[in-house]
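Work through the exercises below with the sequence and the model side by side. Try each task before you read its solution.

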Amino acid sequence: MTPPTTDTAANIISNGQYLIVQKIDGEQSRIIRFTPKQKILIEKLKFTADSAFGKPYGLFEISSGQCLPMSVDRLIEELQLQEAAVATSSEPAPPTTVTSSETIITSDDRVVIAPSALKLEPEQKRQKLEMDAVLEMRKQGVSGQEMVQKLVEGSASFQTRTVFSQSKYIKRKAKKHSDSENSEIALTDLMGAVAQSIPCVHSMNYDEQTLSTFLPVRIKCVLAEKQLPYENNRRPANGEAVENNGDVEMEEKEQNEERKVEEQDQEALARRNDRLERERKGIEMIETENAHSLIIGSRTVDPISVLELLYAKLAPSASIVIYSPHQNMLITAYDWLVKRGAINLMLTDQMCRILQVLPDRTHPLMAQHVAGGHVLTAIKVIEK
Amino acid sequence: MTLATKGPSFLKYNERIEEGDTVIVYVTFGQMIPTVVKRGQTLMMKYGALRHEFIIGKRWGQCLSASAGFVYILRPTSDLWTRSLPRRTQILYTADCAEIIALLDCKPGSVICESGTGSGSLSHAIALAVAPNGHLYTHDIDESRTKKVQEEFKTHGLSEITTPVVQNVCTDGFFVTNACDGVFLDVPAPWDAIPHAARALSRSRGGRIVSFSPCMEQVQRACLAMSAAGFVCVETIEVVPEQKKIVGQHRQTLEEFEELGDAYPKMAKKRDSDGKVVGFTQLVPHANSSAAVPEVAPEGLIVDEDFDRIRDVVGPSFRNQHDRVVVLIP
């Protein structure tokens, strides 16, 4: 049950980390920063962040507000139990058909299209158990499993449902009536996620190695080119940009003030210096024609305004990738690049859709966005 | 963490080309030739001969003149490699490779298992994604293919981060157990390989599995096998990349058409200083030839002030990459 003790520190959830939380078979996945005493709520599932600290990423079981690591073997066992439950509850009185249920499709049950779906009856008639009775049972403290069993018995349409529909029904009812017992969530490390903006890179808890690959450069610095607006440092304490007119005295004053305050500010200062150092490296890299690729992704910024600043500074044979939700922006960028002799120009877009995969019921999920935008790529070369 | 600066490599970022480097010789949009630069050798292609001596010492991205035309010499990337590699099997193209790498959560340091190796298109993409301290174990049942890919890895400076293995993952499982962060399957019966894949993944870190199948029936069985093996968040996606063709659109008024007929694309309008159309200029060098658009199109569109054009994008585009660039005549 307990995971092996070979976990390295990098795999352990710790205070202040950003994690992706997703309920198994849930619809949403969220990025949440785990801080002490924090209550985490996802799709009706509640647990305290503290209970996750010190445990490796992965699958968790939520039980009375606590999350406990769950092994895959347990998950498989449960899955099999669930399937068994469907198999037995779907069988009508004669138990002799159990063995053949897999291979032989009898006329009554396991039809391809559930007749219940075709019969449009009001919901009340389908379920013998009245709402009041359900509430009463809840008050009496009837366990979730029993409740689901009762609901299955009371359901008029259950027997005519297909196997998948039955398991879906049980799952849905179990979800509704079992509070937070036995619901699994997956906690995943955020490392692989795309950094969405520069501040985001800083606030995420990337480990040393990953962080060292990021050289965030503020747009301000790129626009100012060589005159680095280092004076306009961002104060990490409140996250607001503080203008101090480049006055050295003020800078010192500010630093003195910071020294007085807690260690936390010291840490923040160290972080800021580290960030500025990496920014300096980043700018240096841009200036020395050392960048081997340029990726532009923006909804509103005209890629040409970025290209005008940075194209000349790219190393020859560098790749340029521009994303835009709109084609026309990319077509003007295409012209711009063609004029400068870029080669291997390609404008692509991609349809990516999620499919529901079930035997006899495979189809693309309804109401999903399949359009993601367009990508223009090119390679810079030394002009003839 | 530092990238290798010595030895032939896809990971090297020197300014100039050295002997032993793999160079992508860009002839036209549809024709790219990967070449290992070696003194004394000559590359023969559409634009004639190019002696390797001329390549050595040149900067990456430079334009070189061959005996009958110009070519560019490019730094190899996984995308360029995918488009130019010697094909021994069907290959995965960049759009799929990118999706697979994202789904596998490949990053520097990841340990990934792959089956089958095929021509090594995805293998190169994964290897470059997990470099410099990750590792790729790539499995295939065909020994000759595996040998070829192994040689390529060596030439490209990727041999330290890759291990090609001849092994049937459906029956014999993977080369590693309880070790990797991600498994990619492109096999005819993924459901047989999935339980093995579950064993190959690290038990403490967990990991991801991605299976690529052309048939929906394979996907269905793979999904069931994944759930049975204890994988969660099983999702099926379909990726349809589309390449767009950018063309110049000729637009004329009804009056112009009546007077001059369809001038596209052999003629361009000639305007006086007021912008009034006064006549036409010949655009195609060989006006007698029946082909209006030259067979070998130069890259991109040439913007001609005298020629009314509105950029238009038409799709879906052409599978055949030779069809991609349509150009209106110099």
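**Exercise 1. Find the residues of the largest nonpolar core that touch the most other members, and the element that gives the most to this core.**

Solution. Begin with the terms: a nonpolar core is a set of buried Ala, Val, Leu, Ile, Met, Phe, Trp, Tyr and Cys residues joined through C-beta atoms within 7 Å, and a residue is buried if 20 or more other C-beta atoms lie within 10 Å of its own, exposed if 12 or fewer, and partly exposed in between, with C-beta atoms placed from the backbone. Of the 45 residues in the largest core, those that touch the most other members are Ile101(B), Ile112(B), Ile126(B), Val130(B), Val183(B), Ile194(B) and Ala197(B). Helix 4 of chain B then turns out to give the most, with seven residues; helices (H or I, at least four residues) and strands (E, at least two) are DSSP runs, numbered from the N terminus. This is a predicted model, in which local features need pLDDT of at least 70 and side-chain atom pairs count only at pLDDT 80 or more, while totals for chains, interfaces and linings use all residues. Residues are numbered from 1 along each chain as its sequence is written, and chains are lettered from A and ligands numbered from 1 in the order in which they are written.

**Exercise 2. Decide how many residues of helix 4 of chain B are buried, and what covers them.**

Solution. Helix 4 spans residues 121–130 of chain B, and ten of its ten residues are buried, among them His124(B), Ile126(B) and Val130(B). The cover includes helix 2 (78–84), helix 3 (94–104) and helix 5 (143–155) of chain B, together with strand 7 (111–115), strand 8 (135–140) and strand 9 (162–166) of the chain.

**Exercise 3. Describe the side of chain B that touches chain A.**

Solution. First count the contacts: 48 residues of chain B are in contact with 50 residues of chain A, where contact means that two C-beta atoms, placed from the backbone, lie within 7 Å. Next look for the elements that give two or more residues to this side of chain B, which are strand 6 (69–74), helix 8 (216–228), strand 12 (236–249) and strand 15 (310–314). The largest share, ten residues, comes from strand 12 of chain B. Finally, sort by class: this side has 24 nonpolar, twelve polar and twelve charged residues, with Ala, Val, Leu, Ile, Met, Phe, Trp, Tyr, Cys and Pro counted as nonpolar, Asp, Glu, Lys and Arg as charged, and the others, Gly among them, as polar.
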